[in-house]
Amino acid sequence: MNDEVYKLIYAIITILITSGCFGYINYNILEKLNVIVDTPNKETDKKQKIMIFTGVNVGLYWILTTVLNCEISLSIVLVLLFDVAGTIWIIKPLIELINSLINKIRNTSGQSYTDNRETRDYIFNTNKIQTLFVFDFDNNLITCGYLDYQQSGDNNYFDLALMPLDHPENQYSFEHIVEEVSKHENSRTLVDFEKQIKIYILRD
């Protein structure tokens with residue numbers, strides 16, 4: 001390969017890696033797996049995490065190209081492979097281990113378990129069938145149905161997609177729903193003070 005072309009390719013790849021492009025792959029995968037949770041008002045934390053992952057990618061790329069004398073194309077493939085497989089099989093368990101140790105330390109010092117997820121994401125993020133009954137603070141039924149989709153809590157906008165139940169809504173009284181929820185260990189109640197609604201969740 002022509003020396004000038006080689007230098008150009010090397011410079012482009014180096015820019016891509018050091019600019020954080022590859023580090024964002026690690027971050028995006030971990031975010032989708034709920035290992036990393038950042039809200040919009042924690043943009044600085046997000047950038048810092050991407051910088052850390054970028055540093056890992058730069059270090060790996062440097063070892064492959066300089067220490068092990070791998071070809072640029074092979075080094076790129078190996079770095080990308082690490083970004084996907086390595087993130088799932090190495091970085092994810094490592095972060096979960098660190099979080100577990102931190103929570104054990106918090107527990108021994110009398111502190112509660114720490115979780116960065118939004119309350120809505122914590123409740124709704126399950127593969128169980130969930131039946132929702134939405135009441136206002138005066139205990140009037142607003143709507144009910146099977147949960148189809150819920151907007152993630154990271155943008156502070158709350159909406160739900162519900163599938164209709166088999167029976168008319170007027171058959172569900174507040175007292176009956178509260179009684180049903182109290183019978184099921186996996187059931188939950190979400191109280192949104194801003195929207196002034198209470199959501200009773202029955203899980204199958």
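Rings of Phe, Tyr and Trp (its six-membered ring) count as a pair if their centres lie within 6.5 Å; planes under 30 degrees apart are stacked, over 60 edge-to-face, and the rest tilted. This is a predicted model, in which local features need pLDDT of at least 70 and side-chain atom pairs count only at pLDDT 80 or more, while totals for chains, interfaces and linings use all residues. Residues are numbered from 1 along each chain as its sequence is written, and side-chain values use heavy atoms, with hydrogens and water left out.

Start with the whole chain, coloured by secondary structure. The chain has six helices and five strands, taken as DSSP runs (H or I, at least four residues, for helices; E, at least two, for strands) and numbered from the N terminus. Read from the N terminus, the order is α-α-α-α-α-β-β-β-α-β-β.

Next, select Phe135, Phe174 and Tyr200, a cluster linked by ring pairs. The structure contains six aromatic pairs. One of them joins phenylalanine 174 to tyrosine 200, edge-to-face, at 5.8 Å centre to centre with 75° between the planes. Phenylalanine 174 belongs to helix H6 (residues 174-183) and tyrosine 200 to strand S5 (residues 197-203), so this pair ties together parts 26 residues apart in sequence. Both phenylalanine 174 and tyrosine 200 are buried (under 20% relative accessible area; exposed is over 50%, partly exposed in between; 1.4 Å probe, protein chains only).

Then return to the whole chain. Buried residues are 31% of its 204 residues. Of the contacts (heavy atoms within 4.5 Å) with a separation of 6 or more, 57% are between residues 24 or more positions apart.
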